[in-house]
Amino acid sequence: MTLNRDQIVESTAEFVKNTLKDAEGGHDWYHIKRVWQNALYIACREQKGDQLIIELAALLHDIADAKFNNGDESVGPKLAGDFLKSLSVPEDVITHVVQIINHISFRKHHEYNSFNSIEFQIVQDADRLDALGAIGIARAFNYGGFKNRPLYEPAVHGSMSAGKQNTIGHFYEKLLLLKDMMNTKTGSELAEERHQFMVNYLEQFYKEWDGLS
Ligand code: ADP
Ligand code: NI
């Protein structure tokens with residue numbers, strides 16, 4: 001039996017929802033749903049990209065994040081590929097989706113690689129948007145809590161960019177850098193407002209940190 005596009009997307013969404021039942025709050029089904037939705041929005045605004053590839057990659061991009069698999073980066077792409085094979089999705093679609101999943105992580109952007117596609121750029125923008133703004137702040141503190149990290153440790157030498165393993169530090173290591181890394185025009189525009197919200201948030205955070213005097 002061959003499934004049509006809608007059936008493929010629907011089965012994939014169902015599979016992801018079940019697989020992520022017990023996931024950490026920042027990497028759960030609702031994160032996937034937002035990335036899925038936002039990727040479709042960006043694709044529509046940009047009038048670019050193959051919709052099936054975008055939807056499948058958005059749905060499967062965090063199916064087994066290396067952070068929750070002892071750093072093993074091969075689990076997610078393999079699980080995604082095997083699942084799509086079980087639906088008899090065409091081989092070229094599977095290859096492209098698996099490549100997107102392989103390359104989407106922030107950690108990998110420094111590494112040389114020759115893979116790129118508009119579908120990849122759109123899904124990556126959608127994933128990055130969800131690390132910004134009010135949702136981004138919630139996800140960062142949830143992840144920090146999950147790792148039992150302090151909210152903040154003032155830097156020893158009084159610099160505003162705090163030390164490494166605390167959640168405020170993560171803003172400087174990653175979150176505040178994302179707006180200049182967006183791939184699409186729509187993505188950059190959306191990132192701008194969410195970035196400003198985080199800047200304002202940090203200002204208020206520092207104001208409250210010392211307590212009243
Ligand atoms: P990517 O897969 O693009 O590298 P991550 O999976 O690392 O992105 O990040 C997903 C979410 O988890 C983001 O909202 C991010 O801010 C949060 N996160 C990741 N690492 C940390 C950290 N060290 N401290 C706080 N939040 C984190
Ligand atoms: Ni993600």
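Colleague: How do the residues of the shell around ligand 1 divide into nonpolar, polar and charged?
Modeller: This is a predicted model. Tyr and Cys count as nonpolar here, and Gly counts as polar. On that basis the shell around ligand 1 divides into five nonpolar, three polar and seven charged residues.

Colleague: Which residues around ligand 1 come nearest?
Modeller: A residue belongs to the surroundings if one of its heavy atoms lies within 4 Å. There are 15 such residues around ligand 1. Those that come nearest are H27, K67, R149, H170 and K174.

Colleague: How far is an oxygen atom of ligand 1 from an N or O atom in the side chain of H27?
Modeller: H27 is among the residues that come nearest to ligand 1. The limit for a polar contact is 3.5 Å between N or O atoms. For the H27 side chain and a ligand 1 oxygen, the distance is 3.0 Å.

Colleague: And how far is an oxygen atom of ligand 1 from an N or O atom in the side chain of H170?
Modeller: H170 is also listed with the nearest residues. Its side chain places an N or O atom beside a ligand 1 oxygen, and the separation is 2.9 Å.

Colleague: Which helix gives the most to the shell around ligand 1?
Modeller: Count shell residues by helix. The top contributor supplies three residues. This helix covers residues 133–146 and is α7.

Colleague: Which domains each give at least three residues to the shell around ligand 1?
Modeller: One set of shell residues comes from 1–108, and another from 131–213. Each of these domains gives at least three residues. They are domain 1 and domain 2.

Colleague: How many helices and strands are there in the protein?
Modeller: Read along the sequence, the pattern is α-α-α-α-α-α-α-α-α. The counts for the protein are nine helices and zero strands.

Colleague: What is the radius of gyration of the protein?
Modeller: The globule rule gives 17 Å for 213 residues. The model comes close to that, so it is as compact as a globular protein of that length. The C-alpha trace spans about 70 × 35 × 30 Å along its principal axes. The radius of gyration is 18 Å.

Colleague: What percentage of the 213 residues in the protein are buried residues?
Modeller: Buried means under 20% relative accessible area. By that cut-off, the buried part of the 213 residues is 47%.

Colleague: Is T184 buried or exposed?
Modeller: T184 sits in the loop between α8 (167–173) and α9 (185–209). Its side chain makes a polar contact of 2.7 Å with that of D125. The relative accessible area of T184 is 4%, so the residue is buried.

Colleague: With which side chain does the side chain of Y172 make a polar contact?
Modeller: Y172 belongs to helix α8. Its relative accessible area is 27%, so Y172 is partly exposed. The polar contact spans 2.6 Å, and the partner is Y206.

Colleague: How far apart in space are A23 and I63, C-alpha to C-alpha?
Modeller: A23 lies in the loop between α1 (5–19) and α2 (29–46). At 29% relative accessibility, A23 is partly exposed. A23 and I63 are 40 residues apart in sequence, and their C-alpha separation is 9.8 Å.

Colleague: What is the phi of Q47, which is not a glycine?
Modeller: Q47 is in the loop between α2 and α3 (51–60). Q47 has a relative accessible area of 65%, so it is exposed. Its phi is positive, about 55°.

Colleague: What relative accessibility does N70 have?
Modeller: N70 falls in the loop between α3 and α4 (75–86). N70 also has a positive phi of about 55° and is not a glycine. The cut-off for exposed is over 50%. N70 counts as exposed, with a relative accessibility of 83%.

Colleague: What distance separates the C-alpha atoms of K185 and I42?
Modeller: K185 is part of helix α9. K185 is exposed, at 61% relative accessible area. Along the chain, K185 and I42 are 143 residues apart, and their C-alpha atoms are separated by 9.0 Å.

Definitions and conventions: Residues are numbered from 1 along each chain as its sequence is written. Chains are lettered from A and ligands numbered from 1 in the order in which they are written. This is a predicted model: local features need pLDDT of at least 70, side-chain atom pairs count only at pLDDT 80 or more; totals for chains, interfaces and linings use all residues. Side-chain values use heavy atoms; hydrogens and water are left out. A polar contact is a pair of N or O atoms within 3.5 Å; within protein, one must be able to donate a hydrogen and the other to accept it, and residues adjacent in sequence count only if both atoms are side-chain atoms. Helices (H or I, at least four residues) and strands (E, at least two) are DSSP runs, numbered from the N terminus. Domain bounds come from an automatic or database domain assignment. The radius of gyration is taken over C-alpha atoms; the globule rule is 2.2 Å times the number of residues to the power 0.38. Buried means under 20% relative accessible area, exposed over 50%, partly exposed in between (1.4 Å probe, protein chains only).
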